[in-house]
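Below is a short note for a colleague, written as numbered points. Please read it alongside the model.

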There are 2 protein chains.
Amino acid sequence: MQDLESQEKLLKALEAELPEDIRRHFDQLHPSEIADLLESLPKKDRNTVWDQVAFEIKGDVLSHAQDSVRAGLLELMLPNEVAQATMHLDADDLADILNELPEAIADNVLLSMDVQNRQRLASVLSYPDDTAGGLMNPDIVSVRADVPLGVVSRYLRQRGKLPEQTVNLMVVDRENTYLGVLPLSYVLTNNPEASVGEFLISEINFPADTPSREVAKAFEQRDLFSAAVVDNKGKLLGSITVDDVLDVIQEQAEQTVRSMAGLVDHDMFAPLLSSAKYRGIWLGINLIAAFLASLVVGRFAETIQELVALAVLMPVVASMGGVAGSQTLNITIRGLATGQITRANSRILINKELGVGILNGATWACVVAFISILWFKNYALGAIIGLAMIVNLIVAAFAGVVIPLALKKVGVDPAIAGGVLLITVTDVIGFATFLGLAAIYLRG
Amino acid sequence: MQDLESQEKLLKALEAELPEDIRRHFDQLHPSEIADLLESLPKKDRNTVWDQVAFEIKGDVLSHAQDSVRAGLLELMLPNEVAQATMHLDADDLADILNELPEAIADNVLLSMDVQNRQRLASVLSYPDDTAGGLMNPDIVSVRADVPLGVVSRYLRQRGKLPEQTVNLMVVDRENTYLGVLPLSYVLTNNPEASVGEFLISEINFPADTPSREVAKAFEQRDLFSAAVVDNKGKLLGSITVDDVLDVIQEQAEQTVRSMAGLVDHDMFAPLLSSAKYRGIWLGINLIAAFLASLVVGRFAETIQELVALAVLMPVVASMGGVAGSQTLNITIRGLATGQITRANSRILINKELGVGILNGATWACVVAFISILWFKNYALGAIIGLAMIVNLIVAAFAGVVIPLALKKVGVDPAIAGGVLLITVTDVIGFATFLGLAAIYLRG
């Protein structure tokens, strides 16, 4: 409800052209809430409102905004403004922002920074942003294994403020090779004479080129709060914290949903033309699939003319096949994503899904046959549609497992291409079986 | 690749009936990886393998397994075994497990516990598991605001081991009223004479009845690692850590995907019959929608008999409407979930989506009309299908926004019911417009 109120206040202030009210309202919000509000505004209002965001928090708001919205806001800023506003951000958040700027502008932003900040950034920017290296923050506190805890305490007190949300200290040897982590709480609760090495936990660590998807999975499985990133010689480069992983997980989930629905855009209020174009591509791909199905129906034009009830009932066969196939497809895609489906057990899965297909195919075939007979007073039609439904639901189950497995094998993301391929298969097979059986019957 | 190897090793050991090998293999794995492996096995193998999991880690494996798989494993254990195996778990994880047991057995497990553990649990179990209270861990370390940091240090050292992953100490007053948090790192880096109150951060806190969805959103927005849970008088009850929130987010994302695909079941290897039944429900709902569309087509049986090309092309109109509508639906559902769509800006969204609908409708209508004319050498047919497509894509855009808004208003989850309602609308309108226009033309 907070959201609604907040948004209404903002829209009212916008309408009344009272920038003071906007500014006052923003003072009470967390930067991420301001980012949320900006995302919920049409583009032109977004720009007006952006001017009212206090300069000190612009960097934080940017780091919380989603990519496409952020890109729009960055366009409104000069390179040195970007550099200043983002100066205090963690290197990983800053790298995210720089990755989105056109190269020339990003270079300008880098040049406007002081040397220290630039160096800090260089290591993160040298890795793709969907790897452990791109996610990591190079600002870490590391200690050596042979040092007593009491010395660590004194060192930390001298050092002063630790990076926010520090849970673990990283433990390294003389050569900066990563050895493990030391939870901060251990420094507080154990004997100061004991050495770091005695309490070191050899927690999982990630080579810098580990895909962020794998990093996220490990964090989730092992309930990690932070983990080390190392180079190919095992030297400590930085650390990843769970808040960055949360963003990765959220992004992945949205991507799945987006691609299931057909390349849906990110930004609710992206410009009309770009939304239309982006989504239009998917409509075009679907059109090919739809015309393929039409071609099949077209082959049976005479049969339909003879028995028009076929045209009336054919959407039922196709639709049920599509839904049943999507269910199987979905389970398979999830299993592939979590790594639970492999060569080793895919056979078992196919068998199970075929079983479900046969059971549900038979059940619903009976229901559909019964309704069709009642409706058209035609027993043969009932038998034909029943048979077609069983065939189509079995094919759907098989296709639902095999299509994503095959796509994965050729390196295509099953979540993107799987749905439209599956629907093509179930439509084509559904129409062909139903109309084909009818043609044989009518001719015979 | 680890997954694949791991799974193949396990399957080989299973086939060769070498329980020793399984046990040895498990010794090298994290409990969550064992849970993952169990999930990837058919049910009967799962039970054989479960016997080989060392008793000491059974509790951890259970806490990492997904609900339906866990329920199956719990069935294999006696109440006092469950009590013993889960004794060392955090209260929130333990509560999750108990919530899944039949009440009689859960009571037995509770009785097999020692008093301390039972009390610890009671507070968590008194809240629904999708609220802040159900997520919280009552084992927290709290300190008073008026105490110097040096005293806190000594207290922690005396107390010994802190709960794993402690990032913040909770700060309370004499009456245990929550005041804020004190990051552990502050205790280490600041002057021991200074009082806790000087460094207290008044971080967001959650009343115990806050829905877990809102908790997850706040964690994500504010990059929290932990946060306090309070009762309705503001007294500190426990704390939520980000690892629990990660599970909530993952679960939510999967639920969305599942419901989009039609109530797909959790467990890849659930028994055949239960999978078939569960998914069959969704097929039944879809059947109603499909027959509704058939009814519409049935009204135009004569028209189709006169011009059979209509039957050939009608799936194209319906399919394109369905895809376009799903795209809009998806954006709206996401916007509602993030709270970015409210009464205040839904008008703007409808207008934008109608714009996209008109643009894409017009574009693809031209393409489809052109192909239809080429195919059937019939200009009128081209005009009719083009017109029908524009109408259906505009209706789809409108329905894609309005259906989820309406569902939300009446308290139904748009992610579950939205898809099938939308497809019903686009099928019915698509068929009715296309065949209706054709009927008017043929009669005129």
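Which elements cover the buried residues of helix 7 of chain A?

1. Helix 7 of chain A. The cover over the buried residues of helix 7 of chain A includes helix 5 (55–64), helix 6 (67–75), helix 8 (91–100) and helix 9 (103–111) of chain A. The buried residues in helix 7 (residues 79–86) are Val82(A), Ala83(A), Ala85(A) and Thr86(A). In general, residues three or four places apart on an α-helix point the same way, because there are 3.6 residues a turn.

2. Thr86 in chain B. Thr86(B) belongs to helix 7 (residues 79–86) of chain B. Thr86(B) has 22 C-beta neighbours inside 10 Å and therefore counts as buried, the cut-off being 20 or more. Leaving aside residues up to four places away in sequence, Thr86(B) touches Gly59(B), Leu62(B), Leu94(B) and Ile97(B). Leu98(B) is 12 residues from Thr86(B) along the chain, and their C-alpha atoms are 9.9 Å apart.

3. Confidence. The model is predicted. Chain A has a mean pLDDT of 85, with 96% of its residues at 70 or more. For the complex, the predictor gives an ipTM of 0.71 and a pTM of 0.72.

4. Overall form of chain A. There are 22 helices and 6 strands in chain A. Its radius of gyration is 29 Å, whereas the globule rule gives 22 Å for 444 residues, so chain A is more spread out than a compact globule. Along the principal axes, the C-alpha atoms of chain A fill a box of roughly 95 × 60 × 40 Å. Of the 444 residues in chain A, 50% are buried. Among contacts in chain A with a separation of 6 or more, 71% join residues 24 or more positions apart.

5. Domains. The domain assignment divides chain A into domain 1 (2–128), domain 2 (142–260) and domain 3 (272–443). Between domain 1 of chain A and domain 2 of chain A, the C-alpha centres are 28 Å apart.

6. Interface. Chain A and chain B each bring 97 residues to the contact. On the side of chain A that touches chain B, helix 17 (residues 272–299) of chain A gives the most, with 15 residues. That side of chain A comprises 49 nonpolar, 33 polar and 15 charged residues.

7. Backbone points to check. Lys377(A) is not a glycine, yet its phi is positive, about 50°. Lys377(A) sits in the loop between helix 20 (343–376) and helix 21 (379–409) of chain A. It has 10 C-beta neighbours inside 10 Å and so counts as exposed. Asn176(B), also not a glycine, has a positive phi near 65°. The loop between strand 2 (168–172) and strand 3 (178–183) of chain B holds Asn176(B). With 16 C-beta neighbours inside 10 Å, Asn176(B) counts as partly exposed.

Technical notes: Residues are numbered from 1 along each chain as its sequence is written. Chains are lettered from A and ligands numbered from 1 in the order in which they are written. This is a predicted model: local features need pLDDT of at least 70, side-chain atom pairs count only at pLDDT 80 or more; totals for chains, interfaces and linings use all residues. Two residues are in contact if their C-beta atoms, placed from the backbone, lie within 7 Å. Helices (H or I, at least four residues) and strands (E, at least two) are DSSP runs, numbered from the N terminus. Ala, Val, Leu, Ile, Met, Phe, Trp, Tyr, Cys and Pro count as nonpolar, Asp, Glu, Lys and Arg as charged, and the others, Gly among them, as polar. Domain bounds come from an automatic or database domain assignment. pLDDT is the predictor's confidence in each residue, from 0 to 100. The radius of gyration is taken over C-alpha atoms; the globule rule is 2.2 Å times the number of residues to the power 0.38. A residue is buried if 20 or more other C-beta atoms lie within 10 Å of its own, exposed if 12 or fewer, and partly exposed in between; C-beta atoms are placed from the backbone.
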